[in-house]
Amino acid sequence: MSTPEMETDLRPQDTANPYQTPSQGAAATPHDRARKLVDRVRHVAMAEGVSWLLLLAALPLKYQFGIPAGVKIMGPIHGALFVLLLIVLFQAWGDKALSFGKSVLVFFASLIPFGPFLIDRQLVERDPGES
């Protein structure tokens, strides 16, 4: 037999979920919002970088072998991802999640093959002036 003193209540005393993340309804801090915006820029930059490489791979198929299907498919996809990158980059810069210098770096890196892959680590690291 157990007495009430021996039993322990394992339920949380308050109604807040200790495992709740900011995306699940808790108030997000400015740092969380900035991290989310930078992560969004990183993911879109990676997708844009992959589409850029696939488009470059499709160019010889079109001009050397006369198979334009790759360019017809990858051209619009790459264009849309590039525009999306500009939108999320402008949003991250406008919300001060990225400094002006890093925003310019991301833009120019998106213009060269392998650029987004080379600057990804710099996006993870925060500027000393960023909060």
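A nonpolar core is a set of buried Ala, Val, Leu, Ile, Met, Phe, Trp, Tyr and Cys residues joined through side-chain atoms within 4.5 Å, where buried means under 20% relative accessible area with a 1.4 Å probe, protein chains only. The model is predicted: local features need pLDDT of at least 70 and side-chain atom pairs pLDDT 80 or more, while totals for chains, interfaces and linings use all residues. Residues are numbered from 1 along each chain as its sequence is written, and side-chain values use heavy atoms, without hydrogens and water.

**View 1. The largest nonpolar core, of 16 residues.** Val41, Leu85, Ala92, Ala97, Leu98, Val106 and Leu123 have the most contacts inside this core. At least two residues come from each of α1 (30-65), α2 (69-94), α3 and α4, helices being DSSP runs of H or I, at least four residues, numbered from the N terminus. The most, six residues, come from α1. A second, separate core has five residues, among them Trp52 and Met74.

**View 2. Helix α1, of 36 residues.** From first C-alpha to last, α1 reaches 52 Å, close to the 52 Å expected at 1.5 Å a residue, times one less than the number of residues. Its buried residues, including Val41, Glu48 and Trp52, pack against α2, α3 and α4. Just after α1, Gly66 has a positive phi of about 70°.

**View 3. Ser110, in the loop between α3 (100-109) and α4 (115-124).** Ser110 is buried, at 3% relative accessible area. A polar atom of its side chain lies 2.6 Å from the backbone oxygen of Phe107. Beyond neighbours within four places in sequence, Ser110 is in contact (heavy atoms within 4.5 Å) with Glu48, Trp52, Phe82, Leu85 and Pro116.

Technical notes. Buried means under 20% relative accessible area, exposed over 50%, partly exposed in between (1.4 Å probe, protein chains only). A polar contact is a pair of N or O atoms within 3.5 Å; within protein, one must be able to donate a hydrogen and the other to accept it, and residues adjacent in sequence count only if both atoms are side-chain atoms.
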